[in-house]
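Biologist: I would like to go through this model with you. Could you take my questions one at a time?

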Amino acid sequence: MDNREKLLGLIGLATKAGKTVSGEFSTEKAVKNGKARLVMVSEEASANTKKMFADMCTYYKVPICYFGNKSELGRAMGKEMRASLAVVDAGFAGAVVKQMKLIGGSEYESK
């Protein structure tokens, strides 16, 4: 199992535990009401979506990372394609960040 699969597995676990929200509206809401510990945006998301979340996460001081394609993120969550999701649990967010750092190639911004 490679680090990408581990990361997607973590997202799946967090989702089963009810510790993620997904979709643009729910992700935005989690950031704005202070529940989001980490935002993940698909590398396939539009430039507008990436900019909106980057600006919002900077303002609310929430770490953001860009990872995977929409179908990978959706599949990890047991849903349709997902361009964005928020992890609302500090433990899971920390574990995801750790995996992101192991993968290395993806842009990760800690604000």
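Biologist: How many positive and negative side chains does the chain have, and how far apart do the centres of the two sets lie?

Modeller: There are 18 positive and 12 negative side chains, with 7 Å between the centres of the two sets. Lys and Arg count as positive, Asp and Glu as negative, while His and the chain ends are left out. Each charge is placed at NZ of Lys, CZ of Arg, CG of Asp or CD of Glu. Please note that this is a predicted model, in which local features need pLDDT of at least 70 and side-chain atom pairs pLDDT 80 or more, whereas totals for chains, interfaces and linings use all residues. Residues are numbered from 1 along each chain, and side-chain values use heavy atoms, without hydrogens or water.

Biologist: In what order do the elements run?

Modeller: From the N terminus, the order is α-β-α-β-α-β-α-β-α-β, giving 5 helices and 5 strands. These are DSSP runs: H or I of at least four residues for helices, E of at least two for strands.

Biologist: Which residues have the most contacts inside the largest nonpolar core?

Modeller: They are I11, L38, M40, F67, L85, V96 and M100, in a core of 19 residues. Such a core joins buried Ala, Val, Leu, Ile, Met, Phe, Trp, Tyr and Cys through side-chain atoms within 4.5 Å; buried means under 20% relative accessible area with a 1.4 Å probe, protein chains only.

Biologist: Which elements give two or more residues to it?

Modeller: α1 (3-16), β2 (38-41), α4 (70-76), β4 (84-87) and α5 (90-103) do. A second, separate core of 14 residues includes V39, F53, M56 and A86.

Biologist: And what share of the chain is buried?

Modeller: Of its 111 residues, 43% count as buried.

Key
Buried means under 20% relative accessible area, exposed over 50%, partly exposed in between (1.4 Å probe, protein chains only).
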